[in-house]
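Keep the structure open beside you and try each task before reading on.

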Amino acid sequence: MAAPALTRKDFASAQEVRWCPGCGDYSILAQVQKVLPDLGIPKENIVFISGIGCSSRFPYYMETYGFHSIHGRAPTLASGLKASRPELSIWVITGDGDGLSIGGNHLLHVMRRNIDLTIVLFNNQIYGLTKGQYSPTSEFGKKTKTSPLGNIDFPIRPLSVALAAEASFVARSVDADVKHMQQVLERAARHKGTSFVEVYQNCVIFNDGAFDGFATKEQRPEHTVQLVHGKPLVFGAKRDKGIRLNGFTPEVVTLGNGITESDLLVHNEALHDPTLGMLLDRMTHPDFPVPVGVFRAVERPTYEDMMTDQIQRAVERRGAGELGQLFREGDVWEVKAKDANRVP
Amino acid sequence: MSSAPAGRPVERKEVDRVTIRFAGDSGDGMQLVGTQFTNASAVLGNDVSTLPDYPAEIRAPQGSLPGVSAFQLSFASEDIFTPGDQPDVLVAMNPAALKVNLPDLPHGATIIVNDDEFNATNLRKAGYDKNPLDDDGLSGYRVHRVPITSANARALADSGLTANEIDRCKNFFALGLMFWLYDRPLEATLRTIEEKFEGKPQVREANKTTLKAGHAFAETAEMFPASFRVPPARLEPGMYRNITGNAATALGFVAASQLCGRPLFYGSYPITPASEILQDLARYKNFGVRTFQAEDEIAGIGTAIGAAYGGALGLTGTSGPGLALKGEAIGLAVMTELPLVIVNVQRAGPSTGLPTKTEQSDLLQAMFGRNGESPVAVVAPCSPGDCFHMAIEAARIAIRHMTPVIYLSDGYLGNGSEPWRIPDLESLPRFPVEFPTDPATFKPYARDEKTLARPWGIPGTPGLEHRLGGLEKANVTGMVCYDAANHDLMVKLRAEKVARIAADIPEQPVFGPSEGDVLVISWGGTYGAVRTAVQSAQRDGFRVAHAHVRYIHPMPANLGEVVKRYRRVLVPELNLGQLLFLLRARYLVDAIGLNKVAGQPFRSLEVYEKIAELCRPNN
Ligand SMILES: Cc1ncc(C[n+]2csc(CCOP(=O)(O)OP(=O)(O)O)c2C)c(N)n1
Ligand code: SF4
């Protein structure tokens, strides 16, 4: 008898969820719990690994295997687990500080290795857990507790980092758009290789409304553009605007007056060259609509498959390792019974 | 030079032990010939012990003092524990090598110099204002001037190699010379040359030719009045191979993986002198070994924790500065109570320190270098061969007690070598793993009655889904818990869990009388020098015993009682007194330290003198 299908309730742990009321994290948790049953992966084969931050409390709330690790290092634990247990489905939950500040190095390397993980970076452009200091994604000039005169660090673009590291799946969504987030998360989870998803997440306490200019239901049509593979970049409540390339520079144009969809930039997520993704990531609010959706989705061999493959080939070539034989590598000699030894 | 007929019978002197040091420029191939001489001696049945000593720079300026690379080895017809205090013979390939190594030579030692290199330029680079071979400054030594460079060039005149390539072969000429002098066979080295230069027939032939030429030169040139023979040692019967500590460590972990039936995962970032462990393990893929060259030491341990969480034998390895980086993650492994072995091949510190020199100064870092009450087990091998056994022990303790274990090797052990008796597979301890599978009874932080270890529930097991992490856990359930009483309990349980390992390790053996004037307590790579010193002190009638501690945390259960049976306790260490600090704190014993922090191992004589001093009645 087949096991009964799982529902989102099966993925909610007994632990009480303790984010601030209204925090965007709730929405992301709900969407992940919604998507998981559809993936058809047995619950015991799913592992959530996080670093430290508000967002990194996530694994405690999931009724799967979970590991709340140390600040910035979740990708390393996930890499070791995936490399030794490739059959597991592993998610990395991280924040903008966790993933891009203290853990920036690991994030780069896990993506370049293309380890089959689904990384979800909750970007609230602030340090939540430590109560409101600027983060590596905070905007230039932002006043926070540690930047009373304005932030003089220039912000990092998470997706450009991911694309530069050649992550094989790169996408963005926003906490308020639950349907969109579900689609993106589901695709990310199904992708074989490193999936990197940035989710704009509202921190109601320390950075409330940071994304209101484009992320709310009202603003979304005019201020975001959905990336759809093979489709031109059209946006606007009346779908009357688009993105056109002027040389290497994107520009916003209004359709009509001789400008048609055929003049617009057509999205292609399957390009191996990450340049188009980078170019799209440079479009920032309020000058541009913020692109959401899948920037890049390409096939590359995964680290763990190549590792397993090397092991299999070594066994085929040399036979399964035999300790006795290994011990005798190189020059070996025998010492016979003690006295015989003295004879030259 | 006279022209005596080849094959003239020479005097053969039999000696028990010889210590040779090959020294030259770092490009001269001294490590290679030292290793070859060692292997040839080991195969002859001698006990051997080696001490490679190379500069931190891969290529310091040629002929300069900092560019001197040396390899010391001792071979003997008796059981030996050290590569020798002072060389009987120094082979100096240039003036810098002579200058750097001369202070280590005892009066009357033999010096073989490459005469050709004692030219104006090289003398100047070595800071000599005149040729030391020409005045009587070396009158206390037996000096042999051999034109190694030119004789090598003559032997290879027809080799078809360039002058530069020919010059690079001269180390094998010197080796041939030494092979004759100490009556070693050439075969093993000829075989090695065949393998090493397989794709380069000209170089291969040239090296073989010059090796033989050096041998013939020594025989015909009559420069040595006698040759020497060191008969085989009385070693335990069995099959042997020569092994370095790092190679033995890697083999020990591969063995451990089979003994516990779990695949081995090694996450590491290259650092001297630990890199060979990663390199060796990377070759053992057909044993199912997974090596992960991480982006840094933190990632190295992170991946190992991830693998351990998944049920693998998770290992990470590094040297001192890398251990500093791993501290936070070790704390995570303590909190999550996962089995993990952290290898630290210590080197001289602090910071980058002397990367290629040995020291034992990370002991307190291993014990305490973490935030919070964060106990881990610590073990330390005592010789290159012992690295094999202690690697297995580290893995066994980690898995049986669900705890991180720090394995403290050092550069001296890692690079040094000795004959290793190949163990009988049946004699190795087996420690099969049982993963819990029953959801009805599984509690992530339930504890084994005897060891206090928690169950190793791994992902992929239906019904056991649970969450681990660095936040304090409620005992038994493993739920996040900020309760004050629970934290107090958990801190004590974790400490007690590690303390109980004492019941699972051998009692402390003592070498020598069970009571007396002095007990010498040592740990790690100083074993050989201390054992040699204690042995000779015993022979000279002193009432001294030796306890070498391989299990440092927890210490063997009987150690406290052992230290009380001697009038004085002496603790020689290559640091300013770290084990001393632990022993004094733990056993309230008024032990005294013998400390050396010079990047060099102890000489047994240094230890001997201290023992003799302490044994004097009024001390
Ligand atoms: C080694 C270390 N340094 C600093 C901290 C303190 N710390 C915890 S979370 C955090 C920043 C979290 O910010 P972010 O990743 O953006 O997560 P959020 O709380 O906003 O979800 C910091 C600095 C820590 N836990 N560990
Ligand atoms: S501080 Fe901000 S990010 Fe953290 S839980 Fe509260 S709202 Fe969410």
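Before the tasks, some ground rules: axes are lines fitted to C-alpha atoms, for helices over the stretch in contact, and angles run from 0 to 180 degrees between N-to-C directions. Helices (H or I, at least four residues) and strands (E, at least two) are DSSP runs, numbered from the N terminus. This is a predicted model, where local features need pLDDT of at least 70, side-chain atom pairs count only at pLDDT 80 or more, and totals for chains, interfaces and linings use all residues. Residues are numbered from 1 along each chain as its sequence is written, chains are lettered from A and ligands numbered from 1 in the order in which they are written, and side-chain values use heavy atoms, leaving out hydrogens and water.

**Exercise 1.** Work out how helices H4 and H6 of chain B pack.

*Step 1.* Find H4(B) at residues 148-155 and H6(B) at residues 170-181; the axes are 9 Å apart, at an angle of about 105 degrees.

*Step 2.* That makes the two helices roughly perpendicular (65 to 115 degrees; under 35 is roughly parallel, over 145 roughly antiparallel, the rest oblique).

*Step 3.* Now pick out the contact (heavy atoms within 4.5 Å): H4(B) brings B:Ile148, B:Thr149, B:Ala151 and B:Asn152, while H6(B) brings B:Lys170, B:Phe173 and B:Ala174.

**Exercise 2.** Describe the contact between chain B and chain A.

*Step 1.* Count residues: 77 come from chain B and 64 from chain A.

*Step 2.* The buried area is about 6100 Å², with 60% from carbon and sulfur atoms (accessible area, 1.4 Å probe, that two parts lose on being put together, summed over both).

*Step 3.* Within chain B, the residues losing the most area to chain A are B:Asn286, B:Arg290 and B:Arg467, together 12% of what that side buries.

*Step 4.* One salt bridge pairs A:Asp331 with B:Arg191 at 3.2 Å; another pairs B:Glu295 with A:Arg113 at 2.9 Å, N to O.

Definitions and conventions: Salt bridge = Lys/Arg side-chain N within 4 Å of Asp/Glu carboxyl O.
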